[in-house]
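Thanks for making time this morning.

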Amino acid sequence: MAEGQGAAGHPGESADVRKYFYYIKEKVSSDWKDLAFHLWFEQPDIDNIEGRNQDDKSRCMDLLEEWLKRNGERATIEVLMEALSEANLQSVVDGLRRKLQEVPFPVPVGAAGTEFSSLTDVFQKSVKKYYQLKLSHFKPLIWNDNFTLTLSDIFTQLELVPASEKQLKTSEPTREEQRKQLKSLDDLFNPDVTGLSAAPRCILIEGEAGGGKTTFLSKEALDAVSQKTELGKRHNVVLLIRLREVREGETIEEMVWDQCVPKRKDVTIESIETILEQNESRVLFLLDGYDELRPEARAARQAIPKLLSGKLYPNSTIVITSRPSAGVQQHTRPDCHVNITGFSRTYVEKYMQQYFTAVGKHELTKTLAEHVRYNELFNTLIQTPMFLMLVCVLWEEDQEMVSTGTMTGLYDNLLTCLVRKYCEREGVDMPTEGLPTEVAESLLQLGKLALEALLRNETLLDLTKVDRAKVSWELLLKLGVVSLEVSSSRLHPRKQLNFSHKTMQEFLAGRYVAHALLNQDIVELLQLTSITKALELSNLLQFTCGCHSRAAQDVMEELSRLSKKEFSQLQPDDFHLPTHSLIMEMSHLPVKPEIKKTVEAYRRFVLLCLDVLNETKEPGVLKTVSRGLPVIIVDLRRDSKQHAALKYYLENIQSSHVPDRLILEVLPVPALQYLEQIFTSPIPRLRLDLRLKFEKFNSPDEMIWLVSVLKNVPGLRALDLSSTFLTPSSLQPLVQVFSHMSLLEELDLSYNPYLGDAGMEVLQVGLSSVPRLAVLRLKGVNMTAVGMSSLAPYMRHLVGLRELDISHNEIGDTGLESLTTILPIFTAMQVLVLGRIGISPTGMRTLVPVLCQLTRLIKLDICGNAIGDPGLECLAAILHHLTAMKVLVLSRAGISDRGISSLIKALPHLVQLQVLDVSRNNIGDSGIVSLVQTLCQPSSLDMEQNPPGDKSLTTAPHCNTTLQGLYIGGNRGITGAGLGRVAQLISALPALTRLDMSGYLYTPAHLSDTAAMALAEALPRLPALELLVLYHISMEPAGFQAVVQAAKNHPTLETLFYCRDGVPEGADTTASCLRLL
């Protein structure tokens, strides 16, 4: 833009602003009165405009013309954008910014506005210059001034963590859908990548220790102020805040003044507050290191939690980094969750070349690359940038020192290297064993201070406290393990010691703990009172264990005790690897939130124990680890760091200490090769659950290779080969060795359409060899009635079958008839999935007499079959025999009000019903409302558990506290009136976690403001709700905003699905839970 054009109050601006009126009136429409109020129009003026125009768009245009006439040159686009923003019409403001091609935020008119605009400009330029000065270059090794990097040299890999329910899928996901590699954070502004309806407000970036989070965020800050990235183009105020510098009671404005700008008289805390308020939607907060934020600064009323939760600057954007599970999610639900995954092999060699070129020894790149290429231990360690750098340092100094495959060994050798250099410089004798006495004592003293700081969640040591402890910090400076710096904080100026990296602090603290444990109790020393605390101190515990085997024994004894205390309620079946398909999840038995959290904590605990074992491969430690881990669950793709420890565990574990179950998910091909390495000899008592999803087994040779590995696991319990491109010929080698898998209990061959009927003929031969098979899944294998008829007789051997899934196969009534001849044998049957197999009402009449004999059935799925009302009436007539039923799936079954009425009569018998799905049928308002009214009545089980006179219960006695999933959406006859009535009723279902009350695809339902308000009022009364589906529904602006706001404020609601074309014009769609499709 040319100088003198486009600024507030300049001549010619009136004509310029008018050209945006058409766009504004199209977008604002019915919200024109809100805009009028913020343009300072009085009520009589608003009434006049309303009276002389026939529709809202005309009224909006009249308003804009009247405003322009009244204000003349003062009627600038900036003033108009400010009014739009104050009227909560931010989407219109954003659209105007795009049209303006540059995005100055609206400033107040007049002299004060000009002054403020100038101050904002000064502030932005100060921040940019400050970052360029402080961040462009850095020295990652405080003892080596020759090694300097520029941030442009930094490279790392980013991976988008899929939300559990980002998209509604009807088929199995591909590997790419499970994990998406990001080129940069710019990808997060592409809806095709994220599935979000609006730009993300909060982005969480997690990475392990030494993964490069701080460096990455520094580069993002520098690139953003230079507008090289999408973040930079969308924001004109970029604020990088190191959370380790934040103290209790600090305001956001104080943090910015303290850390983001050089000292200037014209930039004060008060002016910063004004700048942030005026530019709020253009402010980008880059928050580095939530795991380093002091505990007292994490309290709910402190500034950072209030910023994360949206209580401060809710329209700003936040990018926050942290080590995993540090607790960010207790304050906010990030719109995007990204992992820094470390270096690929290409990046590893690129970094080596960069380092050795910088120190003038480029020839070492090739030798180190060769050394680590075939070293399994190193290959996982050097994927972490910090550890790779240390390997380069040691390789440069003494190639013999690069022999360890542990974090402790790496840091121990580095410390020896630094001490040796110190001794050479200072003329001190270096002993052949250990360290010089003075050095050793100083390092132990420093380790004690490092530990005390860690337990306070601090990474910096106040020099006055160091002096008070009589630590020889001058010697430590000469060693290079710490550096002396003056705090960059102007609020808290002090001299302090800074560790070269947080992992160095943890290593030195671990050395001290290993020494102190000879005389002190570990619980007292580390305040190790819970698994949560152990996970927070995971790196410290690993270093402690790596320093001394006795310490490792003490640590693992305590961890084993905590494990028995906190995980005793978990059962092996709780660890089943979750599916990524939302449709499948919907029809599953609900899992209690506390069980989900406990399982996730246990998974992390398993990895911690394996990390400890990797640091100390000692028989005693191995024995203690086995006691603490009754079940081992490892994703060999995600958890590559633990490969070596698991290999050692399986090679050395005694048969009496074998875990109850080992659950392995194997992705991708290198992990398959790893399987071959760990199962080198038979492990007789090992019960293994193996998931090989997405691998290709489309030829016999590949299956023969797998079979050769599985022969060493005679205790194979579960085998998942879904989506593995199986063919009849490639299945043959597996079936032939079923005799060696006599303990097999679960077999999943789903989503292998090349199997077909021929594949069933291959499978049937081996069924007699696996008599313990209790779960058989054959979903989507392209089986017809012919295949079912040939397979059924051979299934007689499976008398203990508890779960059978033959859905998504065209077997029809004929194939079903073959199945019904053997179904009565399966008296233990609990889960029967017959969805989309072509059952007609005639087929139901064949099936129903058999079903009433399966009295243990807890889940029945007959979705996608055209059974109609006659079929449901047949089923309803025998439901009184199936009182154990917890999940009943009847979606897409051609059911109308007549059929649903028969189900309603039978519902009182289903006292344990937790999930009911009657979605995508032909049911009308009457049927749906009657169904929900019936469901809202307490079951007899509820009445037993919640007697009306029990005053201790929070749940009213007239509520159904059993039902957790209700799917009534997509019914052909449903209208807005019917859904409005449902909204008034559902408060009586307080246990609901999932609710689908969508309209019909071809005739969407319109919810009046009254109905929408009823829904909004009901949501807080559903305290466990996690998913709400409102497809094919339209609402008025007020109703829509009320529902979205209630969803946004809900403590557990993760996802609200809505159709993009049903969103009212100009409505705010930025809520993180909202998914528009």
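Helices H41 and H42 are roughly parallel to each other, because angles under 35 degrees count as roughly parallel and the axes of H41, residues 897-906, and H42 cross at roughly 10°, which is what places this pair in that class. Their axes come within 9 Å, and please keep in mind throughout that this is a predicted model. On the H41 side the contact is made by Asp897, Ile900 and Ile904, which meet Ser926, Gly927, Ser930, Leu931 and Thr934 in H42. Sorted by class, that contact of H41 with H42 holds 3 nonpolar, 4 polar and 1 charged residues.

As background for reading the two residue lists, an α-helix has 3.6 residues a turn, so residues three or four places apart point the same way.

Arg892 has a phi near 50°, which is a positive value in a residue other than glycine, and at 44% relative accessibility Arg892 counts as partly exposed. Ser29 also has a positive phi, in this case near 45°, and it too is a residue other than glycine. Ser29 lies in the loop between helix H2, residues 21-28, and helix H3, residues 32-38, and with a relative accessible area of 11% Ser29 is buried.

Which residues of helix H38 are buried? In H38, residues 812-820, these are Gly812, Gly815, Leu816, Ser818, Leu819 and Thr820. What covers them includes helix H37 at 785-791, strand E19 at 803-805 and helix H39 at 841-851.

Towards the other end of my list is Asn1049, which lies in helix H46, residues 1037-1049. Is Asn1049 buried or exposed? At 52% relative accessibility Asn1049 counts as exposed, because the cut-off for that class is over 50%. Asn1049 and Leu1019 are 30 residues apart in sequence, and their C-alpha atoms are 9.5 Å apart in space.

Now for the chain as a whole, which has 46 helices and 30 strands. Of its 1077 residues, 58% are buried, and the accessible surface comes to about 43500 Å², of which 49% belongs to carbon and sulfur atoms. Among contacts between residues at least 6 apart in sequence, 79% join residues at least 24 apart.

How many disulfides does the structure hold? The count is 0, and for reference, a disulfide is a covalent bond between the sulfur atoms of two cysteines.

How values were computed: Residues numbered from 1 in each chain as written. Predicted model: local features only at pLDDT ≥ 70, side-chain atom pairs only at ≥ 80, totals over all residues. Heavy atoms only, no water. Helix = DSSP H or I, 4+ residues; strand = E, 2+ residues; numbered from the N terminus. Buried < 20%, exposed > 50% of the residue type's maximum accessible area, 1.4 Å probe, protein only. Contact = heavy atoms within 4.5 Å. Areas by Shrake-Rupley, 256 points an atom, 1.4 Å probe, with all protein chains shown as cover. Disulfide = S-S within 2.5 Å. Axes fitted to C-alpha atoms, helices over the stretch in contact; angles between N-to-C directions. Parallel < 35°, antiparallel > 145°, perpendicular 65-115°, else oblique. Nonpolar A, V, L, I, M, F, W, Y, C, P; charged D, E, K, R; others polar.
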